Amino acid sequence: MELIFEKSKTGRCAADVPRSDVPEIALETLIDAKYLRDDLDLPEVSEIDLVRHYTNLSRRNFGVDMGFYPLGSCTMKYNPKVNETLAAQPEFTSLHPYAPDSFAQGNLQLLHTMQRLLGNIFGMAEFTLQPAAGAHGELTGVMMIKKYFEHKGEKRRLILIPDTAHGTNPASGALCGFETVTLRSNAEGGVDLDHLAELMTEDVAALMLTNPNTLGLFERNIEKVAQLVHEKGGLLYGDGANANAFLGKTRPGDLGFDVIQLNLHKTFSTPHGGGGPGSGPVGVSAKLVDFLPIPRIVRKGQEFHWSENFPLTIGRVRAFYGNFSVIVKAYAYIRSLGAEGLIRASEMAVLNANYIKERLKAHFELPYDRVCMHECVFSGRRQVAESGVHTTDMAKRLIDFGYHPPTIYFPLIVPEAIMIEPTETESKETLDRFCNAMIAIAREAKDNPQKVKDAPHYTPVSRLDEVLAARKPDVCWKKP
Amino acid sequence: MDYCPHTQADTADMLLQAGVGRVEELFSDIPDKFRLKKIPDMPPALSEQETAALLKTIGARNRQPRLTLTGAGAYAHYIPAVVGHLVGRAEFYTAYTPYQAELSQGILQAIYEYQTMMARLTGMDVANASMYDGASAMAEAAVLCARISNRNKLLIARSVHPEYREVVGAYCRANGYELEEIPFGTAGQLDSFTVLNQIDDTVAAVILQSPNFFGCLEDVEQIAGSARAKGALLIAGFTDGTALGIVKPAGECGADFVVGEGQSFGNPLNYGGPYLGVFAAREKYLRRIPGRLAGRTVDKNGRPGYVLTLQTREQHIRREKATSNICSNEALCALAAGIYLAALGKNLRKLALLNVYKAQYLKSKLLQLPGWKDVFSAPGYNEFVVTCPDAQAVNEKLEQEGIIGGYELAPDYPELESALLFCATELVLKEDIDQIVRILK
């Protein structure tokens with residue numbers, strides 16, 4: 001499709017600007033020419049060109065509203081429309097972040113209640129809603145861990161990270177100056193306790209654990225894990241990316257986690273927006289409350305206000321207070337579902353994942369054959385051995401059947417990994433059709449492997465040359 | 001309302017096929033002692049109608065301002081209707097990060113176009129697909145400069161947004177880098193001699209904003225010269241992005257990185273977020289910058305197409321050696337920014353001029369009030385600083401009329417007692433300004 005720049009024609013525009021109702025002053029008399037730009041190279045298009053351009057672009061995109069999107073560890077559940085409508089109310093969208101607290105009592109009440117509800121669901125003493133995304137929440141959490149030990153006068157250099165972890169965990173640790181050490185998984189997909197006991201010294205600040213982990217498995221030895229970490233004075237960090245698995249079933253705070261970060265855009269149904277915005281609240285146990293970022297909301301009777309008066313805080317991790325309108329959507333979602341709905345969401349998410357696991361395990365290798373939580377992980381190793389068809393080929397072939405592929409090649413400890421997270425909002429019929437497609441592809445890999453290797457067949461573009469893209473990067477268009 | 005489509009028969013059938021008797025058995029890996037009976041203190045479910053009514057009630061507890069005269073890092077601009085309609089297409093907003101390029105050509109091309117617009121606006125070679133906000137974009141640039149240069153000190157202008165300085169501080173502390181402030185001169189700008197004197201061979205980069213927090217333009221070219229003379233890099237931020245409709249881009253003045261808040265481009269105030277961090281750089285740093293990049297390539301039939309590229313910089317490939325930990329960004333806000341800028345086109349200049357005129361008019365009227373004084377002489381955009389006999393009393397008076405007044409500077413800048421930072425965008429009308437002056441008389 002042509003670029004918006006290629007559709008540009010001098011003199012056109014899609015948005016006009018009102019005539020000035022105040023005196024117009026010659027710009028050069030106000031601002032010296034050395035501060036001014038000569039040229040403004042933006043596309044010039046009419047409104048209908050603009051609308052058609054972006055509408056046609058949208059038709060070359062795939063979202064949850066178009067079909068099943070079983071992307072593992074991403075929790076692509078349905079994004080309820082009412083939440084979009086409610087967050088778009090002008091009462092919420094038009095307020096300036098520096099509006100006096102007396103103008104923002106509704107917003108402050110909502111944020112304060114949200115913090116409390118998340119505290120109840122996850123068993124944490126206090127939450128901050130500031131981080132803009134999960135990885136930003138991790139960074140915030142690790143900053144608090146660092147400050148906690150500084151305040152205790154301890155110097156700890158290491159953070160332990162299981163080999164199943166998301167890449168954001170080691171990257172967040174490194175961004176705070178920690179050295180990260182990889183912790184092995186055991187044969188059943190959990191933490192190798194002997195390895196943990198060996199690595200866990202008084203030089204270790206924290207273990208960053210995703211539970212259930214990226215194999216979709218709940219850490220059965222969680223009590224022992226927490227004990228080993230705490231015995232050496234370390235902290236247990238929980239990556240809440242997979243929180244959709246246990247709402248109302250258990251609470252990280254009760255399991256011994258000291259810090260957890262959530263992803264409202266996963267667990268609490270706010271849309272992913274093609275890559276963002278998200279929201280990554282961080283919950284902490286009592287011993288870390290003093291280190292939370294500022295500002296924090298303080299309640300006095302029925303009134304709420306912002307306060308910065310917390311001397312041990314890590315400071316600010318972003319400007320203002322967080323991705324407010326994302327939080328509004330998640331709040332509306334939690335209130336819609338209520339206690340019983342949240343429990344049912346996790347139950348049906350886990351049931352859906354187990355159903356897929358059972359239906360597909362005769363056709364794909366299942367490296368860890370036990371009850372899974374919200375997602376299940378297969379390996380495409382059998383297909384590679386039998387016909388040279390790789391996981392990526394099968395994923396691309398799924399596109400031809402009308403599905404978004406699962407997460408592939410992750411977690412790293414499963415070769416040719418196929419990580420399927422159906423979420424609770426998908427019906428049995430959808431899962432059946434998807435499983436039938438997967439089974440058909442497994443058969444096709446045997447009978448007609450080239451068809452799978454050449455997929456996708458019906459998309460606007462076929463497989464793209466990623467090597468060329470990286471070798472000769474073209475990230476900004478230049479006029480030919 | 002729980003959005004689960006499972007009928008009782010479905011559940012029973014699926015449990016049977018999954019080989020378990022009861023749903024509860026699926027959770028048997030959770031040790032008994034940690035099994036929750038119920039979520040404490042959790043309200044019951046609401047119907048859609050009840051949820052809507054609840055959120056309406058909460059919204060009504062806010063007081064709707066008639067007019068907002070505060071900018072200070074978030075700007076009230078008119079958003080053409082077309083932006084909301086296009087961003088509201090579910091094909092965009094219900095998609096994940098475009099890891100599967102064949103299914104994501106729409107958002108990938110839109111991001112590529114956004115990156116191109118940002119590079120052109122800032123006068124830089126390249127731009128990424130967005131960061132969380134202006135402050136975190138600045139902080140990531142600071143950390144990156146320290147790594148590139150192997151130096152561990154950063155200098156930041158005191159005329160940079162106070163919250164941005166704090167965020168940069170938090171990122172620096174976590175990495176063990178030192179952060180030092182550069183004072184502003186009496187004109188409200190940095191003074192290049194002061195900057196030159198403060199740079200030693202441990203300084204990785206100088207960080208400034210233009211327009212700065214006071215609305216004043218910095219002489220970026222001079223400061224870039226000072227930085228370069230001492231082997232330091234220059235990170236140039238901006239406040240209200242619409243200023244770039246008239247202001248010379250920092251990229252043309254020798255900046256190595258340009259970072260800023262992109263909210264002004266088609267994104268509502270939203271009480272502080274979601275916004276988007278603009279991050280632009282010189283080509284030579286392309287392989288070191290944080291965040292996602294959409295790149296143009298060809299498919300196996302030679303057709304042009306787009307992919308996420310240079311992913312070996314990113315955490316999902318490089319883990320602890322990644323250039324940043326960022327994963328989710330603000331793609332939908334970047335999409336809005338791209339649509340907004342494509343809608344305005346060259347009219348962005350007209351809009352910027354209108355902002356200058358409005359701010360000039362407001363300023364000239366306020367300065368006619370007894371005891372009100374201009375503070376800085378440097379040229380500015382749509383914000384300016386004035387002192388008045390009692391800043392707090394002024395804002396209280398305006399609030400009574402439903403107007404959010406100027407940003408009080410004294411808490412962040414004790415040296416600027418009784419000073420207010422005012423902003424007037426195209427949304428402020430002449431009659432509003434005339435009325436404000438009547439209220440304050």
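**Notebook: a sheet, its helices and a buried isoleucine**

I began with helix α6 (residues 134–152) of chain A, which lies across β2 (158–162), β4, β5, β6 (259–261) and β7 (282–284) of chain A. It runs at about 175° to β5(A). Axes here are lines fitted to C-alpha atoms, for helices over the stretch in contact, and angles run from 0 to 180 degrees between N-to-C directions. Helices (H or I, at least four residues) and strands (E, at least two) are DSSP runs, numbered from the N terminus.

I noted the ground rules. This is a predicted model, where local features need pLDDT of at least 70, side-chain atom pairs count only at pLDDT 80 or more, and totals for chains, interfaces and linings use all residues. Residues are numbered from 1 along each chain as its sequence is written, chains are lettered from A and ligands numbered from 1 in the order in which they are written, and side-chain values use heavy atoms, leaving out hydrogens and water.

**The sheet in chain A**

I traced seven strands in an open sheet, in the order β1-β7-β6-β5-β4-β2-β3, with mixed pairing. Two strands pair if DSSP finds at least two bridges between them. The edge strands are β1 (126–128) and β3 (179–183) of chain A, each pairing on one side only. Neighbouring strands are turned by 25° against each other on average, direction ignored.

How many bridges join β4 to β5 in chain A? I found five, between residues 204–210 and residues 235–239, and the two strands run parallel. Leu209(A) stands opposite Gly238(A) in β5(A). Helix α9 (residues 222–231) of chain A packs on the sheet and touches β4 and β5 of chain A. Its direction makes about 135° with that of β5(A).

**A helix in chain B**

I checked α7 (residues 162–175) of chain B, which has 14 residues. The expected span is 1.5 Å times one less than the number of residues. That gives 20 Å, and the end C-alpha atoms are 20 Å apart, so the two agree. I counted 12 of the 14 residues as buried, so α7(B) is largely enclosed by the rest of the structure. Buried means under 20% relative accessible area, exposed over 50%, partly exposed in between (1.4 Å probe, protein chains only). Among the buried ones are Tyr164(B), Val168(B) and Cys172(B). Just after the helix, Gly176(B) takes a positive phi of about 75°.

**Ile356(A)**

I found Ile356(A) in helix α12 (residues 324–360) of chain A. Its relative accessibility is 0%, so Ile356(A) counts as buried. Not counting residues up to four places away in sequence, Ile356(A) touches residues including Phe68(A), Cys376(A) and Phe434(A). Contact means heavy atoms within 4.5 Å.
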